[in-house]
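Colleague: I would like to go through how to read a strand and a pocket. Please take the general idea and then the case.

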Amino acid sequence: MDLVFSPSQEAFRLEVRRFLEQKLPPSIAEKVRIGEELSKDDHERWHALLDERGWLAPHWPVEHGGPGWGVVEAAIFDHERALAHAPMTVAFGVSMLGPVLIKYGTDAQKRHWLPRILSGEDWWCQGYSEPGAGSDLAAIKTRAVRGVDAAGEHYVVNGQKTWTTLGQHANMIFCLVRTDPSAKKQRGISFLLIDMNTPGVEVRPIRLLDGSYEVNEVFFTDVRVPIENLVGEENEGWTYAKYLLTYERTSIAGVGESMAAFDWLRAVAGRLTENDRPLAQDPLFAARIARVEIELENMKTTNLRVIAAAAAGGAPGAESSMIKVRGSEIRQEINALVRRALGPQAQVFFEAADGGDGHDPAGGPTDTRFATATYFNMRKLSIFGGSNEIQRNIISKTIVGL
Ligand SMILES: Cc1cc2nc3c(=O)[nH]c(=O)nc-3n(C[C@H](O)[C@H](O)[C@H](O)COP(=O)(O)OP(=O)(O)OC[C@H]3O[C@@H](n4cnc5c(N)ncnc54)[C@H](O)[C@@H]3O)c2cc1C
């Protein structure tokens, strides 16, 4: 099933395609297509191109620099972007903090922070998880104590965050901190914006299974944060944290990404052979491909249903959990199948990343140099943004009513 567009939406889709054809740097698209890690420069270059066109923040209202799209236009854009192998926008500023500030921030915070997200002046990261507080996020211990001195009212922050994605590039971090240790777990939490160049902030890398440097530990030792960096009310941060997570989950589903990856799987299964015939013709392998294709078609339909509900004024709720679970499973299965197709070659991903085995000399659509690294990297999809087990708990409570 394909997306069905009204004439104006169809015209918009063509406009998006034209933009991608003209502006997306081929070197970046190639990295996305084969699963190579993007550099900070790549991300910033792509953000700047989107910002120049006014398309960087699809969900923001026009008065804050958004393009004035409805949910359907945003979905069309995202779909075309993924099929063209353009990078996902780094979500932390544009898709996570932005909507929170727009809904809960003061006018001064909106005026100060929102334009800097668009211009790329600030690179944000997300300080939610801690050792001992992942699924049970409300167990966070990072402490913020309010005080006053000659320089004004402020918080002093001590504690540790972990799994901080791309924190090595960031100059700002939005954090959940405990401001009232005596209150019930969810009630004593606040949402703070912290400058990572403040004395007492230390970023340490965590190396991942795929060899990439994507996540970090962030330590806070007596870090002074001005009071105007508190978002919303003190001790009410849990409300803002949950609002942000619904946006995070929907973006993890990545329907367009799965479609692009599925095309790649089909091409690879057509090239690689087993017992002298293409894997695509092996009945067992073909059945697995067919199964994932059916799941993907169903997922597209569910996603359209959610988009239609949102277009009618609904907010993403438990449906974002459903889409997160199914979307992440589909992407993981596609990558598992490509890895299965590679057979023994799949073991050599570090060498392969240097251009060795698995390299399609034609540089064509069946290039598998990063297939195994991508397979490992995609394990994260069912963990972050709230693990899939946690999403199932949400679904069972809010949809099934258990
Ligand atoms: C690559 C990557 C990037 C990340 N980036 C960020 C980031 O930028 N910022 C940030 O703040 N966090 C980030 N995270 C952290 C992520 O949100 C947490 O890893 C996630 O919430 C799970 O928490 P945990 O790792 O502490 O696992 P745990 O909560 O310890 O869970 C361990 C296992 O137990 C299961 N489990 C736990 N509780 C239950 C339950 N009640 N019912 C059923 N099963 C349960 C989980 O599903 C999981 O399988 C990232 C994680 C990864 C892997």
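This is a predicted model: local features need pLDDT of at least 70, side-chain atom pairs count only at pLDDT 80 or more; totals for chains, interfaces and linings use all residues.

Modeller: Residues are numbered from 1 along each chain as its sequence is written, and side-chain values use heavy atoms, without hydrogens and water.

Colleague: Why is strand E4 described as largely enclosed by the rest of the structure?

Modeller: Buried means under 20% relative accessible area with a 1.4 Å probe, protein chains only; strands are DSSP runs of E, at least two residues, and helices runs of H or I, at least four, numbered from the N terminus. Strand E4 (residues 172-178) is largely enclosed because seven of its seven residues are buried. Met-172, Phe-174, Leu-176 and Arg-178 are buried on one side, and Ile-173, Cys-175 and Val-177 on the other.

Colleague: Which strand runs parallel to E4, and which pairs with E4 in the antiparallel sense?

Modeller: Two strands pair if DSSP finds at least two bridges between them. E1 (residues 124-127) is parallel to E4, with four bridges; Trp-124 has Met-172 as its bridge partner. E5 (residues 189-195) is antiparallel to E4 over seven bridges, and Ile-189 in E5 is opposite Arg-178.

Colleague: What kinds of residue make up the lining of the second largest pocket?

Modeller: Ala, Val, Leu, Ile, Met, Phe, Trp, Tyr, Cys and Pro count as nonpolar, Asp, Glu, Lys and Arg as charged, and the others, Gly among them, as polar. The lining of the second largest pocket has eight nonpolar, four polar and two charged residues.

Note on methods. Buried means under 20% relative accessible area, exposed over 50%, partly exposed in between (1.4 Å probe, protein chains only).
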